[in-house]
Amino acid sequence: MPNSLMGNKDGGNFLTKTTMKADKDLQFLQYCKNDDLVTLCNILTNDNKGGYRFTEQLTSTDNYINYYPQEMNKMWADIAWELQCYGGNTLLNVFMRHGKGPAYEEIVSDVCRKIKVSVPRHADTTQMEAQLLGKVIDKALSQMSEQELRNLCDELNLSYADKLPKSAIMTTLALTHQISIKMYMYLLRIILTFVERCLISRGVIICTGLALTRPLSLLLGPIGVAILIGMTVWDIMGPAYRVTIPAVIQVALMRMEYMASLEKKEAI
């Protein structure tokens, strides 16, 4: 990757690869699934009109040309670098930071503040990401009809009383992480698929690894529209936030799956 001045032209925030911090919170990306890295890469490089973002630098790198989209693990560091570039444009100007790009933890904190996610004081990256994912789920569920929520429960094999009110069904879905981490991640993937499609180009391929039933696949069309309407505020916060918000959401999901895989290995 070239070491010439790079970065987000929109905000006058220019960073070089040599000024980027080696970020402990992004090291795990090298172990993530190829499809998930493709999704994260697409978020960083594609705009909502189906083209490449004017400010992105990733697609011009040798690693992107050589490894996208089949061998994404070989370009994980380039993806992390690109995310830090966008994060630098949402935080303090690089010249005020003495030429150093922001750590991913700062980017997550900034995103949480921007979309009003309540996080405990001195929370670490993982805790902030968990709160962020919870906020996204709550927002999406609140915009679904009672029948849509019931269909979602059916997809997840969650039992519920026929006369259970909408609020109670929402609570049941929101608490899936206490029932099964696998079920919770499946729910997240269903919802994040449409969050990401709303915030980036509808033409960009989102790799979810999901095999949805036909009824839910048909249902998710209007759900996607509802999420789009409810999250319009996220889309008008400026070009950098249109990148960092869905990117951080995607990284949060990837970290949750990575940590779950480690726990599974340790249990064997």
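Reader: Which residues lie nearest the centre of the second largest pocket?

Author: Ala130, Leu133, His177, Tyr184 and Met256, among 17 lining residues. A lining residue has an atom within 4 Å of a pocket point. A pocket is an open set of points on a 1 Å grid over the protein atoms alone, with protein on both sides within 12 Å along at least five of seven lines. The model is predicted: local features need pLDDT of at least 70, side-chain atom pairs count only at pLDDT 80 or more, and totals for chains, interfaces and linings use all residues. Residues are numbered from 1 along each chain as its sequence is written, and side-chain values use heavy atoms, without hydrogens and water.

Reader: Which helix gives the most to that lining?

Author: α5, with 7 residues. Helices are DSSP runs (H or I, at least four residues), numbered from the N terminus.

Reader: Why is Cys85 called buried?

Author: Buried means under 20% relative accessible area (1.4 Å probe, protein chains only), exposed over 50%, partly exposed in between. Cys85 has 3%, so Cys85 is buried. Cys32, at 8%, therefore counts as buried too.

Reader: How many disulfides does a search of the whole structure find?

Author: The search finds 0. A pair of cysteine sulfur atoms has to be within 2.5 Å to count as a disulfide.

Reader: Why does His122 count as exposed?

Author: His122 has a relative accessible area of 73%, so His122 is exposed. His122 sits in the loop between α4 (104–114) and α5. Its phi is positive, about 65°, although His122 is not a glycine.

Reader: What makes Asn157 exposed?

Author: Its 69% relative accessibility, so Asn157 counts as exposed. Asn157 also has a positive phi, about 60°.

Definitions and conventions:
1 Å grid on protein atoms, 1.4 Å probe; cavity = no way out; pocket = protein on both sides within 12 Å on 5 of 7 lines; lining within 4 Å. Helix = DSSP H or I, 4+ residues; strand = E, 2+ residues; numbered from the N terminus.
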